[in-house]
Every structure is written in structure tokens, then in C-alpha cells.
Amino acid sequence: MNLVSTVDPRDGRRRATDLVETDEIRLEAITAQAARAARWLSDLGRLGRAELLDATAAALETRRADLVAAAVAETGLGHARLDQELTRASLQFRMFGDVLRDGGYVEAAIDHAADTPIGRGPDLRRMLVPLGPVAVFGASNFPFAFSVAGGDTAAALAAGCPTVLKAHPSHPLTSHASADAIESAIRDAGGPEGVMTIVYGEQPGRSLVRHPAIRAVALTGSVSAARAIQAAIDERPDPIPLYAELSSVNPIVVLPGAAADRADQIAEGLFASFTASGGQLCTKPGLAFIPADRDGDHLVDGLRARVGASGGAVLLNERIRDAYESRAATLERAGARVSARPHVAPGEGFTVTPALLEIGLSGLTAEIADECFGPLMVVVRYPDVADLDAVLTTVPPSLTGSVHRGPDDDTTVVRRLVDVLAARAGRIVFDGYPTGVRVSWAQHHGGPWPSTNAVHTSVGATSIRRFLRPLAWQDAPDWVLPEELRDGYTAIPRRVDGRWEARMNREER
């Protein structure tokens, strides 16, 4: 029996817990329970699952103080940040409750039997249905919003998929407390064991991915973690999808007019964006393209002053700390010079020093353009906007790309830059910063490899699609059809005989 330990990153001390690494016998029981729980989730229906998600959000909020305290001790991210993140986690469950009530996510379509140019066509009805049990790997940098109580869990349960969580080793106690809150809501709703369960340990995580009961895997983590999970999937006789959100540089382009118009404001926003949460955000801007003119100098001076006056940052674990320090040294060897670093005494635990590095446009290489996870940003000084198009195509594709415009910047230039960024990012940000991802219907949190490995988003209403598959019924009797596909059903939007029929509101019904 292997006990799970936890580490406080503020002092680096390892402490024992009462949690036990999941063994093969327990894993087999968990996956069997998940397979059986699929029927209960399906029988709940959309509206029943919506109520369950609302109850889950309430359970998380009721235990807010204990959850946040546990996360502070295991991540060092700070009470205010974690309190806000728990609110976001709760919001995600409630949003998916709204998604279920709306019902449009099932993409219901009906083609009644009819004569066609090639003969009589059968009656066809199609909608999206649950995949089955899914595995979710918790993220290190979001102990709530991308972990046990995260958006992947909310989306999977909303879809009707039992969920097995692999706890991240950086915050096992937070994971356990989050799972306990969710399981309490499930029990209160009369749910069986297996609707949501949790496993601990690296080897159990690999075994989970290989288990035939698991029908999809979701991960927010590193490229190396995704490759390891994909390798385990490749050992299966039947392939299953891996939805992974991974590495991202998130370039920001500051045009000359923006630097002239609001240099101090942009310096403040850039500093906050790349240092927030110790720079441990997937949307942290790693490259900032700033004009090599007097206004650009003023902006960079503002960045230097803010970085120089900052303090040390506590990173989540020893591996992230070591990778940050190694990557910072690599950047310097590759030619990026240190522009600013605070003078702070070495701290305890996994404390590092934030850094602002600088390089000219001609010196930017693929090695320098790669991601550095942590509180470091590379400023790239460019002499002419016309030179940016070609250079931006050497920056790794990202979750986001941002453009800051000024009142005098040429709209043709802006359009051209947007075209370049749009081909290499999943979200284009104007006059703002990519950190702070809104949870909403229109959000897209994905992008070309290596930012993600799929076209799907991991945040927002449409992230539910990852855990659904299409199923068509041909010439089926009415009684066997889901209610969403029966004639006369008006509670959700549907496409009937090629025409879109909007959901009728309560008064119209």
C-alpha cells in the first residue's frame, strides 16, 4: 500500500497524507462502477442532469473555505486567486446546466420519409449521445477550474458520461476534497457509485487510459504528458480520442499607434498578464512584439520598472521550478538578453525570480520563440510593421494571438496581422490580454498543435461535444426514440426536413 504525499511549494516540505495510491483491484472496481452508472446518468435526462450540476455547484460553494484553504497549502497560488477560481469552477457547472436546459447541443435533426430524385428516402433522425465513461487528468496550475471540479468534469457529466478523475500529484488533498463535494451532490440526488470517482498515482493513470471501459480522455498539461497518455492509448486494441490542451506562447503585437497612445497602460497590462499566478497560465503571453522607436522605448521602460520592483514567484512544484530555470538559461544562451529582473533574496520552496528578456526582431529564432512556463516574457523589438508577417509564422501556434491598435494604425495592416494570427491561434484578442478566460457560450479555448491536439475547445459550452457521438435512427417507431427526436417536441431547437425550428418558449407552448 503506497501512501500519497503532498508538498507545500512555499517551503518545499513533503508531508504524508491518509490517501492511498489506487491499486489495480480498486481501479477495476472503479471502472466497473462507472460503466454501470452510465445508465443512471442517461435516465436522469437533460433536465435531471441540469439539476445535478446546479447541486454540484452549490456543494462546492458550501465548502468554499475548506477547499480554498487546502489549495493554498498545496499550490501557493494565494487565497484571492483560488477563491476566484473556485467561483469559476462553480460557474462552469451552472453554465452546463443552462446548456442542458437549452438542449441545442444535441444537434437534433429530423428528415421525414419522402420521395427524392433517387427514390424513396427513409425516415432519419439524428442527435448526439454520450460516449460513455471518460477519464479526466487534473491540471497542476488550476486546482479547481481544470482539475477534479473543473470544466472537463462538468462537460462530461452534462453529456451524460460517468467521469474518472486522475488527481494531479501537486494537489492530492484539494482533489480529494473537491471529489468529496461532488460525490455528496451525486448521493443527495440518489446517484450510484461510479458517477464521479477519483484515482491517485501515475501507474494507475496509465492503466485507466488503457481500460476498455474508458471511451475518451481529457488532459490539460504538458506535451510530454500528452505523449505519454497517447502512448498508453496506442496500446489499446480500440482507439479512443485524447483531448489535450498543452503548450502555448500567445504572442502579443503592439502596433506603433498603440505604443504612442497608451504605453503606460499597456506596460501595466502586459506585466500583470505575464506574472499573474507566477506566469503559470496556459494563456500567459510569452512574446511581446513592441516597436523599436521612442514610444516603444517608453513602453519597455515601463515594463522594466514594474518587473524590477516585483518580488519572487512561488511555482507549483519542483519540476516546474527546475524547468523554468533551465528554460530561462537556455533563452539567455540563445541570445535573449536580460532586460529586467528584481533583486530578491532566494526564497524557500519553489520560489523563482521573474524575468523580462529582450531581443531584436532579426535575432528571434524558433528556440527563443518556444514557451517558457513561468513568470518570464521575451520582448521582441521590431523596426517596421511590414517585417512582422514573416516572423509571426515562425512562432509556434497558440491558444491566442493579440493585437493592440492605436487610432492612427492602418486598418489594412491590422487585417493582415489578424489573418496571420488567425491561421495560428484559436482566439484573437484586440487591445487586451489573453489571460482571464471567460466561461461562456461563445468561448473557444483551443488552437493548432502544440496548443491543442484537436479542433475542440476545453472551455465554453461547445466543450461538451468532446464527450458526445452522433447516432441516427432510421424508420424507428416513435416509442423507441429519445423525446428530443419525436414529432411535436418543441422544447429544444431542431432542424426538421432541412428547416431550422427554434425552441419554443414556455408561453408559446
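**Close-up views of a predicted protein model**

**Figure 1. Overall architecture of the protein.** The secondary structure of the protein comprises 13 helices and 23 strands; helices (H or I, at least four residues) and strands (E, at least two) are DSSP runs, numbered from the N terminus. The radius of gyration is 25 Å, close to the 23 Å that the globule rule gives for 509 residues, so the protein is as compact as a globular protein of that length. This radius is taken over C-alpha atoms, and the globule rule is 2.2 Å times the number of residues to the power 0.38. The model is predicted: local features need pLDDT of at least 70, side-chain atom pairs count only at pLDDT 80 or more, and totals for chains, interfaces and linings use all residues. Residues are numbered from 1 along each chain as its sequence is written, and side-chain values use heavy atoms, with hydrogens and water left out. Along the principal axes, the C-alpha atoms fill a box of roughly 75 × 65 × 45 Å.

Figure 2. Of the 509 residues, 55% count as buried, where buried means under 20% relative accessible area, exposed means over 50%, and partly exposed lies in between (1.4 Å probe, protein chains only). The protein exposes about 21200 Å², of which carbon and sulfur atoms supply 52%; accessible areas come from the Shrake-Rupley method with a 1.4 Å probe, and for residues only the protein chains shown count as cover. Among contacts (heavy atoms within 4.5 Å) between residues at least 6 apart in sequence, 75% join residues at least 24 apart.

Figure 3. E74 lies in helix α2, which covers residues 64–75. Although E74 is buried, it has no salt bridge; a salt bridge is a side-chain nitrogen of Lys or Arg within 4 Å of a carboxyl oxygen of Asp or Glu. For charge, Lys and Arg count as positive and Asp and Glu as negative, while His and the chain ends are not counted. The side chain of E74 does make a polar contact with the side chain of T174, at 2.7 Å. A polar contact is a pair of N or O atoms within 3.5 Å; within protein, one must be able to donate a hydrogen and the other to accept it, and residues adjacent in sequence count only if both atoms are side-chain atoms. With neighbours within four places in sequence left aside, the residues in contact with E74 include T6, V7, P9, H171 and L316.

Figure 4. The side chains of E318 and R321 meet in a salt bridge of 3.7 Å, N to O. These two residues, E318 and R321, are three residues apart in helix α10 and therefore separated by about one helical turn. The side chain of R321 also meets that of D322 in a salt bridge, at 2.7 Å, N to O. D322 is found in helix α10 as well, which spans residues 318–333. R321 counts as buried because its relative accessibility is 15%, whereas E318, at 43%, counts as partly exposed. D322 is likewise partly exposed, with a relative accessible area of 38%. Between D322 and A272 there are 50 residues in sequence and 23 Å in space, C-alpha to C-alpha.

Figure 5. E332 and R341 meet through their side chains in a salt bridge of 3.0 Å, N to O. E332 counts as partly exposed at 35% relative accessibility, and R341 counts as partly exposed at 32%. Elsewhere, salt bridges that share partners join D297, D301, R304, R337, E358 and R381 into one network. The count of salt bridges comes to 32.

**Figure 6. The buried side of helix α6.** In helix α6 (residues 202–210), P204, G205, S207, L208 and V209 are buried. The elements covering these buried residues include the helices α1 (24–62) and α7 (223–234), together with the strands β7 (134–137), β8 (163–166), β9 (196–199) and β10 (216–220).

Figure 7. The peptide bond from W449 to P450 is cis, with omega near 10°, and P450 is placed in the loop between β20 (425–430) and β21 (468–474). E107 is not a glycine, yet has a positive phi of about 55°; E107 lies in the loop between α3 (79–102) and β3 (109–111). D475, also not a glycine, has a positive phi of about 50° and lies in the loop between β21 and β22 (494–496). E107 is partly exposed at 29% relative accessibility, and D475 is partly exposed with a relative accessible area of 48%.
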